[in-house]
Structures are given as structure tokens and as C-alpha cells.
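Please read the report below alongside the sequence and the model. It takes up a few local features in turn, each under its own heading.

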Amino acid sequence: MTEKANILVIDDDEAIRDSCSQVFKKEGYSAKTAKDGTEGLKLFKKEFFHAVLLDLKLPDLDGMEILSRIEEENPETPVIIITGFATIESAVEAMKRGASDYLAKPFSPEQLRVITKKVLESRKNFFENIYLREELEKKSEFDMVIGKSMEMDKVLDIVRRVSSSESTVLITGESGTGKELIAREIHNHSPRKNAPFVVVDCGALVETLFESELFGHVKGSFTGAYETKHGRFEVANGGTIFLDEISIMSLNIQANLLRVIQEREITRIGSTKPIKVDVRILAATNENLADLVRKGKFREDLFYRLSVVPVRLPSLRERKEDILLLVEHFLQKYGRRARKKINSLSSAIKKALMEYDWPGNIRELENTIERAVVLSKGDEIELEDLVYHGISSSSSLFHLAGGKYKNLEDIEKEYIKTVLKAQNGNKSRTAKILSIDRKTLMAKIKKYKIQ
Ligand SMILES: Nc1ncnc2c1ncn2[C@@H]1O[C@H](COP(=O)(O)OP(=O)(O)OP(=O)(O)O)[C@@H](O)[C@H]1O
Ligand SMILES: [Mg+2]
């Protein structure tokens, strides 16, 4: 849902201030005015504005100075310069320094309306461009699917076969098993690869917002809908939409989604006009949808529509032979990022990594390696660098690097730190767990200088 645009007018001419706010209010925007630069900047610091109208000639501050302060704080905020005919040159100068456009006095309400609409639009493009840039940066050579196990072979075989088709694919698997990566892989190998791949996290928004997020809304369809918004289905047109955490969708939205899949068209909230969309649907969940169908929490007809081709991602526990491959892959990825050339791991470390259960699957493995690379002193990863959940074997608790034993105080200190951290710093709970009173705990915290 888009908020109502809030616009700031900085001008010492009262007539201009009044007429501008009138025009804006009529457009459904809200407007604030300031009679000089000081007041303007004060307002700008306090409130969020979607655009600023700025007179370059103000009684107190230089307009250029104000422009650069606005640019500094909110580079995406468009600034429209108001100028007299005599000073158009300085308006052009201001545009070189980042202003979006200018209005020469006297101007008509229509001119003001058109130019404001235009810059508000460009503000949106600014964010869209960021989104596109991020997407480009995300695509790196490291986004490949790693895995040589039989289980992954089966998955990749299905991926290869469904990529070229238009089928809806339901990807299931525990958290962190690579559902999103596989969805991207399918898209990137499909005929739609040059069109958008739009991710929708079904768990992220409350129902009313979610519906508008998916299908869009028309201006005025509810309070705050000050302009028409395109839903994710429209953004994904020609490409692929990835509905993540599909199990969280309410029954009401499930019904709407079913209609979209059947009719291949959407209707924006507040409109009755259907819009054709050509979108391939991929969905993912870490829950058992068939179970939810039995419990009446998920529509059976939608379930069948979505799981035309089901792909189940194995947990890391089921394909331990991939662990070291993945470790090597992430060592390179994060080693390059940290500009460290990490030596290959000792067999003790490899053993610890292989023996661990990885409840958080590949995401947990990736985080563990990233952390170890960052923590490593030099090019060697020590068992201590892997301390994370249950991975490190008990020996790292007792030994210093090089195999020497720790003394009791070191171990006490470390243990207190671990419990404190696990209890989010809550000292009463920590004391209780350690079976000492709070005062004793406080004394030890002080003695060991624990933060
Ligand atoms: N087979 C793989 N090879 C390389 N990297 C992988 C593989 N599978 C997953 N990853 C990486 O692990 C991380 C988690 O993967 P992803 O986000 O796709 O998991 P997910 O199943 O969607 O998790 P969640 O259920 O928590 O949303 C990502 O950084 C992804 O690149
Ligand atoms: Mg995911």
C-alpha cells in the first residue's frame, strides 16, 4: 500500500505557499510550508517528505545550501526549484547539483500538478533501480547449486526437466535447504529467464496488505490508497512469481489465488476490471501441505493446482556426502569476500562438520563458515572459530589452540558468558541456571570483566 505523499514547500512568498498547498491538498497529498530556510530544514529533519518545493532566494539561507543538505539526508527525495524568470540560470545550476526540475514563476496550478506527479514518479523509479541493481549484484558465480549426492542428483534432474515447461512447481523442504535457490534455478533455465523473478514472502504481511501486495489496488479503494498500485503479479508479468511460505496464506487469499491460476487474470482491489497476466507460479513451503489440507487449513483444489510438479529438497542430514563440497564452496565465497586465502581444513574440523546434525541445513552451514572465515586469524581455521550451536566438539571447551589445557577460571568465564548470552543477558535467569545467587554472579561478571 502506498502512503499519501507528503510535500514540503519552502518559499518566503506567502501567496506561493498558500496556492501550492491548495493544489496539493486537492490532489490528495498533504503539504507543509516553511517561510525560510531554517524553518524548512527543521521541518525536513523532523518529518518524512516525498518531495520538496524550494525557492532558491530565501531571506536567511542560500537555496543551494539547503538543496545539498536535503540531498545528503535523503538523496532519493526529489526537489523542485521555484525560480523567477531572471534567475533561471541558477535553477539550471541547481539541477546540475541534483535538483529534479524547476518551475518558473508565475506558474499555473496545472503546471505544478504535472511537475509534481512527474517527480513523485521518478522517486519510485529511484527505488526500482535500486531493486534492479541489487538483483544484479546478487547474481554471482557463487549462486550455483552445489551437490553431488544421489538425492541432489534427483532434484537437479527434475529441475532440468521442469525448467523448460510452464508447469507450476511446489518446492518443499526444511528451512535452509535451498528452496529459493532452486526456484531461481528453475527460472534462470526457463524461457522466461530474461523477465522478472518476483519473490513474495507470504508470511511477511497482514492479510489486508497482502492482498494489495499480490493483486494491487486502485486509487481510493481504501483509506490511504492515494494512487493506483500494481500488485506483484503485474510486476512479474512475463516472468515468474515465487510464492514463499505458501502455507501461511489465509483461506480467503487462497481462494483469490486459485482464481488467478485458473483464469490467468487478476483484479486489483477496488476494481472489477480483470487484467490478463502471464506469470509462471513457483511455490515453496517447509510445512506438510497435505497435512494442512486434511486439517482444513489449506484448500485441496489449490494444493493440487500448485503441486503439479512437486520437488522435495533433502535435508543436509540426508546427504552428508555434500557437506564438505558445500564447505569448500563457502570457504571460497567468503574467503574471497574477506580477502583471505583459507587453507584447507584440518581433518579434526572436517570430522566435526560431518558429525554435526545441521538442523538449520545449508543456511546454517553457510553462516557457520562465513563466521569462521571472518573470525579466523590468518589463513587457518581453528576449531574454535566454528563454535556455533553444537558443532564444536567438547575438546574446544577444554583446550587452547595447540592442544594445551585451559585452567578452571578460563572455563568458568567462558561458561558464564555462554549461559548469559543464551539468556539474552538476563542475570537472574543465568544465576538460577548456574545454581549460584545473583550476587555471586555479579561478582564473577566483574572479576572476569564480562560485557
Ligand atoms: N545446494 C546448494 N548449493 C549452494 N548453496 C546453497 C544450496 N542450497 C542452499 N544454498 C544456500 O543456502 C542459503 C539458504 O538457501 P535458501 O534461502 O534457498 O533456503 P530456503 O529453503 O528458502 O530456506 P527458508 O526455508 O529458511 O526460507 C542460501 O544462501 C543459498 O544460496
Ligand atoms: Mg526461503
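## Arginine 268

Arginine 268 counts as buried because it has 24 C-beta neighbours inside 10 Å. (A residue is buried if 20 or more other C-beta atoms lie within 10 Å of its own, exposed if 12 or fewer, and partly exposed in between, with C-beta atoms placed from the backbone.) Its place in the chain is the loop between β11 (265-267) and β12 (274-276). Helices (H or I, at least four residues) and strands (E, at least two) are DSSP runs, numbered from the N terminus.

Apart from neighbours within four places in sequence, arginine 268 is in contact with Phe215, Gly216, His217, Val218 and Gly231; contact means that the C-beta atoms of two residues, placed from the backbone, lie within 7 Å. Glycine 231 is 37 residues from arginine 268 in sequence, while their C-alpha atoms are 7.6 Å apart in space.

## Basis of the model

This is a predicted model, in which local features need pLDDT of at least 70, side-chain atom pairs count only at pLDDT 80 or more, and totals for chains, interfaces and linings use all residues. Residues are numbered from 1 along each chain as its sequence is written, and chains are lettered from A and ligands numbered from 1 in the order in which they are written.

## The shell around ligand 1

Ligand 1 is surrounded by 15 residues, of which the closest are Ile146, Ser175, Gly178, Lys179 and Glu180. Here a residue is near a molecule or strand if its C-beta atom, placed from the backbone, lies within 6 Å of it. The shell has 4 nonpolar, 7 polar and 4 charged residues. In this grouping Ala, Val, Leu, Ile, Met, Phe, Trp, Tyr, Cys and Pro are nonpolar, Asp, Glu, Lys and Arg are charged, and the others, Gly among them, are polar.

At least two residues of the shell come from each of α7 (179-188) and α15 (361-375). Domain 2 (150-312) and domain 3 (318-447) each give at least three; the domain bounds come from an automatic or database domain assignment.

## Two helices

The buried residues of α15 are Asn361, Ile362, Leu365, Thr368, Ile369, Ala372 and Val373. They fall within an arc of 130 degrees seen down the helix axis, so they line one face of α15. The arc is that of the directions from the helix axis to the C-beta atoms. Among the elements covering these buried residues is α13 (323-337).

Helix α1 (residues 14-27) has 14 residues and should span 20 Å at 1.5 Å a residue, which agrees with the 20 Å between its end C-alpha atoms. The expected span is 1.5 Å times one less than the number of residues. In α1, Ile16, Arg17, Cys20 and Phe24 are buried. Their arc around the axis is only 95 degrees, which puts them on the same side of α1. The face turned away from that buried side carries the exposed residues Glu14, Ala15, Lys25 and Lys26. Just after α1, glycine 28 has a positive phi of about 90 degrees.

Most residues other than glycine have a negative phi, and most peptide bonds are trans. Tryptophan 358 has a positive phi, near 50 degrees, and lies in the loop between α14 (347-355) and α15. Tryptophan 358 is buried, with 24 C-beta neighbours inside 10 Å. Lysine 449 also has a positive phi, near 50 degrees, and is found in the segment after α19 (438-447). Lysine 449 is exposed, with 7 other C-beta atoms within 10 Å.

A cis peptide bond, with omega about -5 degrees, joins lysine 105 and proline 106. Proline 106 lies in the loop between β5 (101-104) and α5 (109-138).
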